[in-house]
Amino acid sequence: KDLIEILNIDPKKIEIVYNGIDERFKLIQDASIFKKTLKKYKISKQFLLYTGVWRNHKNLPRLLKAFKILKEEKNLDLQLVITGKEDPHYPEVKKTVNKLNITEDIVFPGLVDDEELIHLYNAAFIFVFPSLYEGFGLPPLESMRCGTPVVASNISSIPEVCGEENAIYFDPYRASDIAEKIHSLYIDSARQAQLIEKGIKYSSQFSWTTTAEETFKLIINV
């Protein structure tokens, strides 16, 4: 759509090739495998997870405001784990945490390796993806593959990539709606189970082999 609207490209010249998911991202049945990672980062409660960079389009200040609503208005005893390298050009994340006085329940593991990331995906209660814009958006699919339900933004590429029936969507510009959608899933165990089952099945469609094959077909047909 951006190619068409911004660059006035003929839609007939555009082909969509989806990204894949590394096969290392998968469901871990034995919880003892990721306990070491949880202990390392002092994660001691059920937790919401965000993973990615800390930039404006990732919308983390609104996620933090939503988390405060969940803590104070919905009375949920949760932690929020935000991975990724702190970016000095985007100080809003730490500033918002301090301003909202929610430091105790926010965990910043930093930039974790793939093994620990897989552990966190598996251990998380809900994965939250509040981004305002994505070119694709791998983290929600990685989370699905690891058996964790997804609550995500209802704009940009995200609903297309995640599939309308495989996640719960919110208005990313409203912290209250982010909180409401997270809460609605938190209290609905049947919906959690449904999203976990659907997410694992759906995310298995995305492979780098398929990406390579479809890209190669385009190249040889040019």
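Author: Welcome! Residues are numbered from 1 along each chain as its sequence is written, and side-chain values use heavy atoms, leaving out hydrogens and water. Because the model is predicted, local features need pLDDT of at least 70 and side-chain atom pairs count only at pLDDT 80 or more, while totals for chains, interfaces and linings use all residues.

Reader: What makes the contact between Arg 24 and Asp 114 a salt bridge?

Author: A salt bridge needs a side-chain nitrogen of Lys or Arg within 4 Å of a carboxyl oxygen of Asp or Glu. The N to O distance for Arg 24 and Asp 114 is 2.8 Å, so the pair qualifies. This pair links distant parts of the chain, 90 residues apart: Arg 24 is in the loop between α1 and α2, and Asp 114 is in helix α5. Helices here are DSSP runs (H or I, at least four residues), as are strands (E, at least two), numbered from the N terminus. The structure holds 13 salt bridges.

Reader: Why is Arg 24 called partly exposed?

Author: Buried means under 20% relative accessible area and exposed over 50%, with partly exposed in between (1.4 Å probe, protein chains only). Arg 24 has 46%, so it is partly exposed. Asp 114, at 32%, counts as partly exposed too.

Reader: Which residues are linked in a network of salt bridges?

Author: They are Lys 45, Lys 71, Asp 77 and Asp 105. Asp 77 pairs with Lys 45, with the closest N and O atoms 2.8 Å apart. Lys 71 pairs with Asp 105, where that distance is 2.9 Å. Lys 71 lies in helix α3 and Asp 105 in the loop between α4 (92-100) and β3 (106-110), so the pair ties together parts 34 residues apart in sequence. Both Lys 71 and Asp 105 are buried, whereas Asp 77, at 48%, is partly exposed, and so is Lys 45, at 30%.

Reader: How do you know that helix α6 is largely enclosed by the rest of the structure?

Author: Helix α6 (residues 138-145) has eight residues, and seven of them are buried, so the helix is largely enclosed. The buried ones include Pro 139, Leu 141 and Arg 145. Among the elements that cover them are α5 (114-123), β4 (126-129) and α9 (189-203). After α6 comes Gly 147, whose phi is positive, near 80°.

Conventions. Contact = heavy atoms within 4.5 Å.
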